[in-house]
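Hi,

Here is the structure I promised to pass on to you. Have a look at it first, and then read on for what turned up in it.

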Amino acid sequence: MKISCYGDPILRKKAIPVAEITPEIKELAKEMLQTMYEADGVGLAAEQIGRTEAICVIDVPAESQGAEYVALQAGIRMPMVLINPMVSELEGTQRGSEGCLSFPKIFAPVTRALSCRVDYMGLDGKHYSVKTYGLLARAVQHEVDHLNGIVFVDHFSATQSLVFKGRLAKLARASRGGEPPRAGGEPPQPSGEPPRAGGEPPQPQHGEGR
């Protein structure tokens, strides 16, 4: 599946709730996971592959989580397929480097809630409600944002928006023109943090505003 990049109008469309789990929805989830893994990502929403169903997939490795959160999230199995997800109970704050598959080579600090609850339907048709923390909470917020037509640069400060204005303009032009974005001039991955093209950031800096 081709990943839609910044400038593609699909990224601003709000997702349409899924009425029932059909074979097509299961196949979509399977293809989304495959696309996410091939792009070395940890999260992907339907809009990012040109679809409008309210579905996103997430796979955050346990080793990427802070030790204090692994036990709290022990009952959450990866990968997660979230259908019609709704986020609530946002608590605390965390600030850390974040990127997105739809924004190649762009990484910047973004503030998110340190923890949140997400209610969703699984591929089995059952409804689930889980509390997430740290990097998983960041991934959930990031992907649910996509389903609401919100992208991570919408969380940038005025200064960040100015810093990335030129790069975002290039990316938008490339997306509209069907040309791949140029690698030159994009910001380097922060030192000491391995690239995560899936957009969810390396381990965030926890504790701010707690």
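**The strands around β3**

β3 and strand β6 (residues 115–121) pair in the antiparallel sense over five bridges. Strands are DSSP E runs of at least two residues and helices are H or I runs of at least four, both numbered from the N terminus; two strands pair if DSSP finds at least two bridges between them. Within this pairing, Glu91 stands opposite Ser115 in β6. β3 is also joined to strand β2 (residues 55–58), through four bridges and again antiparallel. There, Val57 has Val81 of β3 as its bridge partner.

Before going further, a word on the basis: this is a predicted model, in which local features need pLDDT of at least 70 and side-chain atom pairs count only at pLDDT 80 or more, while totals for chains, interfaces and linings use all residues. Residues are numbered from 1 along each chain as its sequence is written, and side-chain values use heavy atoms, with hydrogens and water left out.

**Overall layout and core**

The protein has four helices and seven strands, in the order α-β-β-α-β-β-β-β-β-α-α along the sequence. Of its 210 residues, 49% are buried, meaning under 20% relative accessible area with a 1.4 Å probe, protein chains only (over 50% is exposed, in between is partly exposed).

The largest nonpolar core has 21 residues. Such a core is a set of buried Ala, Val, Leu, Ile, Met, Phe, Trp, Tyr and Cys residues joined through side-chain atoms within 4.5 Å. Ile58, Val60, Met80, Leu82, Leu136 and Val140 have the most contacts inside it. β2, β3, β6 and α3 each give at least two residues to this core, and the largest share, seven residues, comes from α3.

**Aromatic rings**

There are six aromatic pairs, counted for rings of Phe, Tyr and Trp (its six-membered ring) with centres within 6.5 Å; planes under 30 degrees apart are stacked, over 60 edge-to-face and the rest tilted. Tyr69 and Tyr133 form a stacked pair, 5.8 Å centre to centre with 10° between the planes. Tyr69 lies in helix α2 (residues 67–70) and Tyr133 in strand β7, so the pair ties together parts that are 64 residues apart in sequence. Tyr69 counts as buried, at 4% relative accessibility. Elsewhere, Tyr6, Phe103, Phe152, Phe156 and Phe164 form one aromatic cluster.

**Two pockets**

A pocket here is an open set of points on a 1 Å grid over the protein atoms alone, where a 1.4 Å probe fits, with protein on both sides within 12 Å along at least five of seven lines; lining residues have an atom within 4 Å of a point. Its volume is the space filled by probe spheres set on the points.

The largest pocket has a volume of about 320 Å³. It is lined by 13 residues, and Arg77, Pro79, Met80, Tyr120 and Tyr128 lie nearest its centre. β3 (80–91) and β7 (127–133) are the elements that give two or more residues to this lining.

The second largest pocket has a volume of about 260 Å³. Among its 15 lining residues, Pro85, Met86, Val144, Leu147 and Asn148 are closest to the centre. β3 and α3 (134–147) each supply at least two residues of that lining, with the largest share, five residues, coming from β3.
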